[in-house]
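Thanks for coming, everyone. Please bring up the model on your screens, and I'll walk you through it.

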Amino acid sequence: MSTLSRITEEKIVAIIRGLNPSYGVAVAEALYAGGIRILEITMNSDEPLSVIRQITDRFGDRMVVGAGTVLDADMAEAAVAAGARFVLSPIVAVEVIRKAKDLGVVSIPGAYTATEIYTAYKNGADIVKVFPATSPAYIRDIAGPLPQIPLLPTGGITPQNIKDFKHAGAVGFGIGSALVDTKQPMTSRYFEQITERARQFVDAITE
């Protein structure tokens with residue numbers, strides 16, 4: 001199955017930002033135990049390339065690992081060399097979209113307005129991250145005139161509202177601190193909490 005198909009089938013992209021690199025594999029294991037199969041390591045974290053490599057080596061094809069907060073083509077190239085299978089940005093950077101396509105990985109730029117979203121898609125985006133995801137109604141409003149563009153709302157998504165976003169037309173969901181709060185002490189108890197939160201999100205979209 002292609003990376004794009006995996007993302008749209010699994011739907012939940014767990015975003016890990018600012019994690020101590022020594023806990024990367026343990027957090028990935030906790031998420032995996034809860035049913036998460038798509039993981040984004042942001043490039044503004046400590047040693048993101050090392051974490052991408054470690055998790056990729058540990059899980060192989062069982063977990064799809066990508067890079068987030070990718071701002072230029074060089075960052076994209078380094079991330080893919082480390083094992084990233086998708087490249088996610090907070091902005092519409094055409095050079096990043098094109099570099100991702102050249103490297104054969106999935107491109108997910110970030111946008112908010114209808115014009116930005118269409119510009120990203122027109123330049124080759126596979127999915128467009130909508131940030132901030134202010135409400136399911138906003139996703140529905142965008143999907144109305146632009147139904148051909150796969151949308152991945154990010155920010156503010158909870159187990160309670162994720163199904164509303166799904167019904168509004170989202171193909172996936174970016175979820176950060178609601179799944180993994182990297183400011184918390186990384187204890188065995190907290191890893192159990194990550195697994196439980198992951199289960200709650202997965203259950204919420206499969207019920």
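I'll take the cores, then some helices, then a few backbone details.

First, the ground rules. This is a predicted model, so to speak of local features we need pLDDT of at least 70, and side-chain atom pairs count only at pLDDT 80 or more, while totals for chains, interfaces and linings use all residues. Residues are numbered from 1 along each chain as its sequence is written, and side-chain values use heavy atoms, with hydrogens and water left out.

Let's start inside. In soluble globular proteins, nonpolar side chains tend to be buried together. By nonpolar core I mean a set of buried Ala, Val, Leu, Ile, Met, Phe, Trp, Tyr and Cys residues joined through side-chain atoms within 4.5 Å. Buried is under 20% relative accessible area, exposed is over 50%, and partly exposed is in between, with a 1.4 Å probe and protein chains only.

The largest nonpolar core here has 62 residues. Ile 12, Leu 31 and Leu 179 have the most contacts inside it. Which helix gives the largest share of this core? Helix H9, residues 188-206, with eight residues. Helices (H or I, at least four residues) and strands (E, at least two) are DSSP runs, numbered from the N terminus. Apart from that core lies another one, of 10 residues, including Ile 38, Val 64, Ile 108 and Ile 127.

Zoom in on Ile 12. Leaving out residues up to four places away in sequence, Ile 12 touches Ile 36, Ile 38, Ile 162, Phe 173, Ile 175, Leu 179, Phe 201, Val 202 and Ile 205. Contact means heavy atoms within 4.5 Å.

Now helix H2, residues 24-33. Gly 24, Val 27, Ala 28, Ala 30 and Leu 31 are buried there. Down the axis of H2, those buried residues fall within an arc of 160°, so they line one face of the helix. The arc is that of the directions from the helix axis to the C-beta atoms. What do they pack against? Strand S1 (12-16), S2, H3 and H9. After H2 comes Gly 35, with a positive phi near 105°.

Helix H7, residues 136-143, is next. Its buried residues are Pro 136, Tyr 138, Ile 139, Ile 142 and Ala 143. They fall within an arc of 160° seen down the axis of H7, so they line one face. They pack against helix H6 (114-122), strand S7 (128-130), strand S8 (151-153) and helix H8 (162-168). Asp 141 also lies in H7, but Asp 141 is exposed, at 54% relative accessible area. From Asp 141 to Gly 169 is 28 residues in sequence and 9.6 Å in space, C-alpha to C-alpha.

On to helix pairs. Two packed helices are described by the angle between their axes and the distance between the axes. Axes are lines fitted to C-alpha atoms, for helices over the stretch in contact, and angles run from 0 to 180 degrees between N-to-C directions. Angles under 35 degrees count as roughly parallel, over 145 as roughly antiparallel, 65 to 115 as roughly perpendicular, and the rest as oblique.

H3 and H4 pack at about 30°, axes 8 Å apart. They are therefore roughly parallel. Leu 49, Ile 52 and Arg 53 in H3 meet Ala 78, Ala 79 and Ala 82 in H4.

Take H4 (residues 73-82) with H5 (residues 94-103): an angle of about 30°, and axes 8 Å apart. These two are therefore roughly parallel as well. On the H4 side, Ala 73, Ala 76, Glu 77 and Val 80 make the contact; on the H5 side, Glu 95, Val 96, Lys 99 and Leu 103 do.

Last, the backbone. Most residues other than glycine have a negative phi, and most peptide bonds are trans. Where is the cis peptide bond? Between Phe 131 and Pro 132, with omega about -5°. Pro 132 sits in the loop between S7 and H7.

Glu 47 has a positive phi, near 50°. Its loop runs between strand S2 (38-42) and helix H3 (48-59). Glu 47 counts as exposed, at 51% relative accessibility. Thr 69 has a positive phi too, near 55°. Thr 69 is in the loop between strand S3 (64-68) and H4. Buried or exposed? At 14% relative accessibility, Thr 69 counts as buried.

That's my tour. Over to you.
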